[in-house]
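Please keep the sequence and the three-dimensional view at hand while reading.

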Amino acid sequence: MNVVERLVPRHDLRVLITAGANGIGLAIAKAFLDAGARVHVCDIDAKALTALPEGITHTQADVSQEADVDRLFEEAASLGGLDVVVNNAGIAGPTAGIDEIDDESWTRTIDINLNGQYRVAHRAAPLLRKSQGLLINLASVAGRLGFAYRTPYSASKWAVVGLTKSLACELGPEGVRVNAILPGIVSGPRIEKVIEDRAAKRGISYAEMEQENLAKVSMRRMVEPTDIAAMALFLSAPGGANISGQALSVCANVESL
Ligand code: NAD
């Protein structure tokens with residue numbers, strides 16, 4: 001296999017992606033489907049699940065509910081094993097100062113963004129040992145930078161990096177790789193809502209807030225969901241075989257938040 005061939009994932013991968021019905025998860029699901037993989041996704045959005053491209057199977061499941069994650073793994077068993085598991089589910093959490101955040105929104109952010117990844121990793125580990133597979137955890141540049149007024153989100157994403165690095169050390173000797181992808185500002189409806197909330201918090205316009213955000217990105221642009229999907233494919237290809245325990249930013253170089 002030459003170096004160029006090593007950039008292409010195997011055509012028979014079995015892939016599970018959480019929150020795969022919209023946004024980054026959907027872009028990753030489509031990319032694996034295009035690469036010939038068999039793909040199973042979960043999501044809480046029943047309507048979006050029914051609109052998935054043909055060939056992607058699904059389970060309606062909330063990663064914050066243990067019983068849902070159990071059912072997800074029961075249904076994903078139809079793939080006959082798993083080679084790649086993508087822990088993608090994550091919520092923005094509240095935009096609020098430390099004096100205003102309430103216990104419920106703090107706990108919910110951690111429960112989906114961190115505990116949800118644990119629940120999936122816990123059930124995926126035996127399957128990944130069997131396949132010598134790969135776990136990809138979606139973190140964020142907020143998992144390597146401080147993010148004022150988004151403390152629960154940032155704390156959860158730093159924790160995802162800790163989860164990733166620890167599991168890479170633990171499972172590496174058994175042939176399993178674990179990496180985190182840290183997206184920057186990804187274009188799409190989610191970021192529009194984040195900019196809107198932050199602009200309201202600061203009392204400035206949407207355009208001013210967007211401009212301010214992009215001024216902190218070296219390339220002065222957002223990234224696309226397909227940029228994140230491309231990194232997931234690369235990690236899954238033979239060329240990525242010696243990449244583990246890494247927090248890989250795909251962010252056009254976000255310098256601060
Ligand atoms: P999104 O807000 O577009 O949501 C994606 C999907 O998550 C939706 O279909 C939603 O129904 C589903 N979902 C929400 N809660 C869920 C739950 N509890 N269980 C299962 N599914 C659930 O998200 P996105 O922007 O595509 O982000 C995907 C991941 O990437 C997240 O972990 C996010 O933190 C991370 N990320 C996103 C950005 C960005 O700019 N969009 C930047 C950095 C990191």
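The model is predicted: local features require pLDDT of at least 70, side-chain atom pairs count only at pLDDT 80 or more, and totals for chains, interfaces and linings use all residues. Residues are numbered from 1 along each chain as its sequence is written, and side-chain values use heavy atoms, with hydrogens and water left out. Helices (H or I, at least four residues) and strands (E, at least two) are DSSP runs numbered from the N terminus.

**The ligand and its surroundings**

- The ligand is surrounded by 25 residues, of which Asn22, Ile24, Asp43, Asn88 and Arg190 are the closest; a residue is near a molecule if one of its heavy atoms lies within 4 Å of it.
- By class, this shell consists of 14 nonpolar, six polar and five charged residues. Here Ala, Val, Leu, Ile, Met, Phe, Trp, Tyr, Cys and Pro count as nonpolar, Asp, Glu, Lys and Arg as charged, and the others, Gly among them, as polar.
- Three helices, α1 (23-34), α5 (151-171) and α6 (189-202), each contribute at least two residues to the shell around the ligand.

**Polar atoms at the ligand**

- In the side chain of Asp43, an N or O atom is 2.5 Å from an oxygen atom of the ligand.
- The side chain of Tyr153 likewise has an N or O atom 2.9 Å from a ligand oxygen.
- At Val63 the backbone is involved: one of its N or O atoms lies 3.1 Å from a nitrogen atom of the ligand.
- The ligand taken alone exposes 830 Å², and the protein buries 89% of that. Accessible areas come from the Shrake-Rupley method with a 1.4 Å probe; for residues, only the protein chains shown count as cover.

**The largest nonpolar core**

- A nonpolar core is a set of buried Ala, Val, Leu, Ile, Met, Phe, Trp, Tyr and Cys residues joined through side-chain atoms within 4.5 Å. Buried means under 20% relative accessible area, exposed over 50%, and partly exposed in between (1.4 Å probe, protein chains only).
- The largest such core has 49 residues, and Ile17, Ile28, Phe32, Val39, Ile136, Ile181 and Ile228 touch the most other members.
- Helix α1 provides the largest share of this core, namely seven residues.
- Both domain 1 (4-185 + 225-250) and domain 2 (188-222) supply at least three residues to this core; the domain bounds come from an automatic or database domain assignment.

- Ser64 is located in the loop between β3 (56-60) and α3 (66-76), and Ser64 counts as buried because its relative accessibility is 7%.
- The side chain of Ser64 forms a polar contact of 2.8 Å with the side chain of Asp62. A polar contact is a pair of N or O atoms within 3.5 Å; within protein, one must be able to donate a hydrogen and the other to accept it, and residues adjacent in sequence count only if both atoms are side-chain atoms.
- The side chains of Ser64 and Gln65 are also joined by a polar contact, of 3.4 Å.
- Asp68 belongs to helix α3 and is classed as buried because its relative accessibility is 19%.
- A polar atom of the Asp68 side chain lies 2.8 Å from the backbone nitrogen of Asp62.

**Loops and backbone angles**

- Ala19 lies in the loop between β1 (14-18) and α1. Although Ala19 is not a glycine, it has a positive phi of about 50°.
- Gly20 is found in the loop between β1 and α1 and counts as buried because its relative accessibility is 0%.
- The C-alpha atoms of Gly20 and Val39 are 9.8 Å apart, with the two residues 19 apart along the chain.
- Gln132 occupies the loop between α4 (103-131) and β5 (134-138); its phi is positive, about 55°, although Gln132 is not a glycine.
- Ser205 sits in the loop between α6 and α7 (206-215) and counts as partly exposed because its relative accessibility is 34%.
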